[in-house]
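Reader: I would like a close look at one part of this model. Please keep it brisk.

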Amino acid sequence: MRMAEVSAKFDLSQDTLRYYERIGLIPPVNRNNNGIREYTEEDLRWVEFIKCMRNAGLPIEALIEYVKLFQQGEETEEARKELLIEQREQLSARIEEMGKTLERLDRKVERYEETVRIKEQSLQRLND
């Protein structure tokens, strides 16, 4: 699959795909005789994985480390697992904090809605 197709499939710019490859977020993509990138199914799985992790807020540095460890082979399985566990814990903490923020916003919106209801009732009484 060519870069333009990958870009469209994952809704990532071609610049982002080149950047991800350049910094090691995705392994180097093979090129054809004309120097055009040809993404394999494995490359697509990496792109999907990185996009998913970035959308969840995982830091680029942690993901680069994960890719480097993965490329080193089976002897790094425990280190990769630990890295993922650490990232999962951090994500869980962020989700909990975001839940608290959402609850606070809900309470603030409810207060504004109550204020509007009270004003509307007052206006209604004046019109009656």
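Is Glu21 buried or exposed, and what is its relative accessible area?

Author: Glu21 is buried, because its relative accessible area is 13%. Buried means under 20% relative accessible area, exposed means over 50%, and partly exposed lies in between (1.4 Å probe, protein chains only). A word on the basis first. This is a predicted model, in which local features need pLDDT of at least 70 and side-chain atom pairs count only at pLDDT 80 or more, while totals for chains, interfaces and linings use all residues. Residues are numbered from 1 along each chain as its sequence is written, and side-chain values use heavy atoms, with hydrogens and water left out.

Now the partner. Glu21 meets Arg37 in a salt bridge, side chain to side chain, at 2.6 Å from N to O. A salt bridge here is a side-chain nitrogen of Lys or Arg within 4 Å of a carboxyl oxygen of Asp or Glu. This pair links distant parts of the chain: Glu21 sits in helix H2, Arg37 in the loop between H2 and H3, and they are 16 residues apart. Helices are DSSP runs (H or I, at least four residues), numbered from the N terminus. Arg37 also counts as buried, because its relative accessibility is 14%.

Arg18 pairs with Asp15, and their closest N and O atoms are 2.7 Å apart. The two are separated by about one helical turn, because they are three residues apart in helix H2. Asp15 is exposed, with a relative accessible area of 54%. Arg18 counts as partly exposed at 31%.

Glu38 forms a salt bridge with Arg2, at 3.0 Å from N to O. This pair also links distant parts of the chain: Glu38 is in the loop between helix H2 (14–23) and helix H3 (41–55), Arg2 is in the segment before helix H1 (3–10), and 36 residues separate them. Glu38 is partly exposed at 25% relative accessibility. Arg2 is partly exposed too, at 41%. The whole structure has five salt bridges, including these.

Last, the rings. There are five aromatic pairs in the structure. One of them joins Tyr19 and Tyr20, tilted, with 6.3 Å centre to centre and 45° between the planes. Rings of Phe, Tyr and Trp (its six-membered ring) pair if their centres lie within 6.5 Å; planes under 30 degrees apart count as stacked, over 60 as edge-to-face and the rest as tilted. Tyr20 is buried at 9% relative accessible area, whereas Tyr19 is partly exposed at 33%.
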